[in-house]
Amino acid sequence: MVVAAWIIVVLLFAVGMAGAVYPVLPGALAIYAAFFIYGWMVSFEPFGFWFWFIQTTIVIVLMIADYLVSALGVKKFGGTKASVIGSTIGLLLGPFVIPVAGLLIGPFLGAVIGEMIVGTEWKQAVKAGVGALVGFFSGLVVKVILQLLMIILFVIWVLKF
């Protein structure tokens, strides 16, 4: 049972880390779910109040930061709400429309199209698209660091016990 638990936990960690890059995967929630799988299949004993408090705080920060960092990137480059919405749509649809490259092209094109729809000049729309990419990569770095922190804390808590 312990081996099966660890296999599922590691798979959920992998899905979670892939979710940092690929937005249709659950990301931090998959990592968070791994803690419950471990608890149900092995033991909740290693996890106390501070473990759950820290991990829950990280998940909340990740969810808020995920949106805010991307939006800030667009705003820093002069984008409007239209480019924020467009880049989000592009981020979700891009990988399906253009596999692999769509992850980068989607947010860029989404922001540009969003700006063009509201009548922004081409040059400024492209600038907002670049901002969407900067925001995407900045958010990616934040997500990867925080999700790795979640995994490391889990391992420390389990091994400490």
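Here is a tour in a few stops, from the whole chain down to single residues.

**Before you click**

This is a predicted model, so local features are described only at pLDDT of at least 70 and side-chain atom pairs count only at pLDDT 80 or more, while totals for chains, interfaces and linings use all residues. Residues are numbered from 1 along each chain as its sequence is written, and side-chain values use heavy atoms, with hydrogens and water left out.

**Stop 1: the whole chain**

Colour by secondary structure and you get 6 helices and 0 strands, in the order α-α-α-α-α-α along the sequence. Helices (H or I, at least four residues) and strands (E, at least two) are DSSP runs, numbered from the N terminus. Along its principal axes, the C-alpha trace spans about 60 × 30 × 15 Å.

Of the 161 residues, 41% count as buried. Buried means under 20% relative accessible area, exposed means over 50%, and partly exposed is in between (1.4 Å probe, protein chains only). Take the contacts (heavy atoms within 4.5 Å) between residues at least 6 apart in sequence: 65% of them join residues at least 24 apart.

**Stop 2: the nonpolar core**

Select Phe13, Phe35, Phe47, Phe51, Met150 and Phe154, which have the most contacts inside the largest nonpolar core, a set of 21 residues. A core here is a set of buried Ala, Val, Leu, Ile, Met, Phe, Trp, Tyr and Cys residues joined through side-chain atoms within 4.5 Å. α1, α2, α3 and α6 each give two or more residues to this core, and α6 gives the most, with 7.

Now centre on Phe154. Beyond neighbours within four places in sequence, what does Phe154 contact? The list is Trp6, Val9, Phe13, Phe35, Tyr38, Phe47, Phe51 and Gln55.

**Stop 3: the largest pocket**

About 460 Å³ of space lies in the largest pocket. Of its 26 lining residues, select Pro23, Asp66, Tyr67, Leu91 and Lys143, the closest to its centre. Two or more lining residues come from each of α1 (2-21), α2 (28-41), α3 (49-76), α4 (81-97) and α6 (122-160). Which helix gives the most? That is α3, with 6 residues. By type, the lining divides into 18 nonpolar, 6 polar and 2 charged.

On a 1 Å grid over the protein atoms alone, a pocket is an open set of points where a 1.4 Å probe fits, with protein on both sides within 12 Å along at least five of seven lines; lining residues have an atom within 4 Å of a point. Points are joined across faces, edges and corners, and the volume is the space filled by probe spheres set on them. For residue types, Ala, Val, Leu, Ile, Met, Phe, Trp, Tyr, Cys and Pro are nonpolar, Asp, Glu, Lys and Arg are charged, and the others, Gly among them, are polar.

**Stop 4: α5 and its surroundings**

Select residues 102-117 for α5, where Gly102, Leu103, Gly106, Pro107, Gly110, Ala111, Val112, Gly114 and Glu115 are buried. Their cover includes α1, α4 and α6. After α5 comes Gly119, with a positive phi near 90°.

Next, pick Ala125 in α6. Buried or exposed? Ala125 is buried, because its relative accessible area is 0%. Beyond four places in sequence, Ala125 contacts Val112, Glu115, Met116 and Thr120. Then go to Thr80, in the loop between α3 and α4. Thr80 is partly exposed at 32% relative accessible area, and its contacts beyond four places are Val74, Lys75, Glu115 and Val118.

**Stop 5: two last picks**

Leu25 sits in the loop between α1 and α2 and touches Val15, Ala18 and Gly19, residues up to four places away aside. Draw a C-alpha distance from Leu25 to Val15, 10 residues apart along the chain, and you get 6.9 Å.

Finish on Trp40 in α2. Trp40 counts as exposed because its relative accessibility is 61%. From Trp40 to Gly114, 74 residues apart along the chain, the C-alpha distance is 46 Å.
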